[in-house]
Amino acid sequence: MEPLALYIHWPFCLSKCPYCDFNSHVREVLPQARFRAALLRELEWEAERLGRRPLRSIFFGGGTPSLMEPETVGALIARARALFLPADDIEITLEANPTSIEAGRFGGYRDAGVNRVSIGVQSLDEADLARLGRQHSAAQAVAALEIGRRLFPRLSFDLIYARPGQTLAAWRVELARALDLAADHLSLYQLTMEPGTAFEALHRRGEIVLPDEETAAALYEATAEEAGRFGLLPYEVSNYAKPGSESRHNLAYWRYGDYAGIGPGAHGRVSLGDRLLATRRHRAPEIWAERVEAKGHGSGEDVAVTPQERAREMLLMGLRLSEGISAARFAARTGMTLEKATEPDILAQAIEAGYLVHERDSLRPTREGRLRLDALLGALVC
Ligand SMILES: C[S@@+](CC[C@H](N)C(=O)[O-])C[C@H]1O[C@@H](n2cnc3c(N)ncnc32)[C@H](O)[C@@H]1O
Ligand code: SF4
């Protein structure tokens with residue numbers, strides 16, 4: 001049976017950041033008990049149809065999961081452990097905002113079974129934190145990292161770069177400071193303008209100006225270089241880890257493994273017999289909860305993913321990884337060869353140009369390929 005990665009979505013935040021299009025909502029009073037009961041119920045429902053299969057990772061994402069009561073996190077972990085067959089070295093990650101962290105709460109998550117935290121630091125520059133609409137200071141972020149490092153064996157944090165007006169020199173200094181605080185993993189994202197966000201509206205009106213393409217490429221190169229000096233290697237476009245400390249949960253997505261998604265807006269890809277189902281829960285938190293209360297789950301209709309769609313999705317995910325895509329796994333998951341699923345002329349040109357390496361048992365992007373990944377994928381994938 002294909003092993004499972006379990007994603008649990010907590011949809012609430014203290015405020016909405018102007019760049020963010022994740023399924024996150026602000027509520028005056030957090031409906032903790034209702035959402036705890038509904039998450040547990042949907043987990044039971046999903047487990048019933050999936051059966052007791054091996055469980056490699058659990059990821060509490062958001063929104064801001066560090067607004068969950070530790071008892072809720074503990075109850076979900078205990079239930080998942082009972083419903084599936086947890087790996088001995090199961091990875092259990094919780095995303096946390098520096099604003100919502102205090103040592104007591106973090107200790108509670110650790111006691112509940114969380115063994116990895118991912119902290120949304122975003123920047124170490126006070127003015128940019130304010131511009132990003134963050135509710136915490138750089139000092140609070142550093143304090144959160146210190147608490148996290150003391151309490152958890154594994155820790156990651158997120159930074160956003162290629163911010164308006166950011167120079168290469170300033171980013172190098174900020175990143176070097178961040179790397180001094182890093183443990184075994186970092187996510188370093190270039191700021192993107194997501195449709196429907198406040199930033200995107202400002203960008204359209206010319207009130208936010210992003211670094212041009214050349215500067216963005218230089219920032220990306222500098223990022224990999226600085227991270228490499230600290231032994232953190234890029235294993236995915238935006239993710240850096242010490243070898244062996246890659247996020248197992250995220251690797252399951254990029255390797256196109258099975259993952260189940262619980263909670264508002266969560267999506268999943270789960271094998272049932274010889275079908276691969278695409279699942280998606282209702283996005284609006286209260287409507288999702290009503291549906292779970294009425295029928296055990298907050299899904300609409302699940303759809304079977306066709307072999308062509310599987311191939312497309314696996315290429316889009318797998319070519320983000322430095323290791324690329326295993327030819328044998330591609331064939332097993334999609335029923336197609338890599339050659340059949342890609343445009344032959346584009347594939348040949350991309351190899352010739354040094355953007356992709358095609359070996360007998362894999363297809364992988366080079367560093368130059370990862371720099372141009374969106375354009376490359378657009379042309380390559382049938
Ligand atoms: C689910 S979010 C956040 C976790 C947590 N709520 C927080 O904000 O600290 C995951 C990460 O995506 C990144 N992110 C969100 N929107 C982004 C954007 N428009 N551009 C670049 N990175 C973004 C941020 O680094 C964020 O920490
Ligand atoms: S970045 Fe994090 S805290 Fe900000 S709105 Fe998105 S999920 Fe919430």
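In helix H8, the residues Ala 216, Leu 219, Tyr 220, Ala 222, Thr 223, Ala 224, Glu 226 and Ala 227 are buried, where buried means under 20% relative accessible area, exposed over 50% and partly exposed in between, with a 1.4 Å probe and protein chains only. The model is a predicted one, in which local features need pLDDT of at least 70 and side-chain atom pairs count only at pLDDT 80 or more, while totals for chains, interfaces and linings use all residues. Residues are numbered from 1 along each chain as its sequence is written, chains are lettered from A and ligands numbered from 1 in the order in which they are written, and side-chain values use heavy atoms, with hydrogens and water left out.

Helix H8 covers residues 213–229, and its 17 residues reach 25 Å from the first C-alpha to the last, close to the 24 Å expected at 1.5 Å a residue; the expected span is 1.5 Å times one less than the number of residues. Helices (H or I, at least four residues) and strands (E, at least two) are DSSP runs, numbered from the N terminus. The buried residues of H8 pack against strands E5 (154–161), E6 (185–190) and E8 (239–241) and against helices H6 (168–181) and H15 (367–371), where contact means heavy atoms within 4.5 Å. After H8 comes Gly 231, whose phi is positive, near 80°.

Helix H1 (residues 32–50) can be described in a similar way. Its 19 residues should span 27 Å at 1.5 Å a residue, and its end C-alpha atoms are 27 Å apart, which agrees. Among the buried residues of H1 are Phe 35, Leu 39, Leu 43, Ala 47 and Leu 50. An α-helix has 3.6 residues a turn, so residues three or four places apart point the same way. The cover over the buried residues of H1 includes E1, helix H2 (70–83), E9, strand E10 (267–272) and helix H10 (285–295). Just after H1, Gly 51 takes a positive phi of about 80°.

Strands E1 and E9 pair in the parallel sense over five bridges, two strands being paired if DSSP finds at least two bridges between them. The bridge partner of Ala 5 in E9 is Tyr 259. Strand E9 (residues 258–262) is mostly covered, with five of its five residues buried; Asp 258, Ala 260 and Ile 262 point one way, and Tyr 259 and Gly 261 the other way.

The second largest pocket holds about 220 Å³ of space. On a 1 Å grid over the protein atoms alone, a cavity is a set of points where a 1.4 Å probe fits but cannot get out, whereas a pocket is an open set with protein on both sides within 12 Å along at least five of seven lines, and lining residues have an atom within 4 Å of a point. Grid points are joined across faces, edges and corners, and a volume is the space filled by probe spheres set on the points. The lining of this pocket includes Glu 2, Ala 5, Arg 56, Asp 258 and Arg 329. Strand E1 (4–10) and helix H9 (248–254) each supply at least two lining residues, and H9 gives the most, with three.

Elsewhere, an open sheet of three strands has the order E13-E15-E14, with antiparallel pairing. Its edge strands are E13 (325–326) and E14 (356–359), each of which pairs on one side only.
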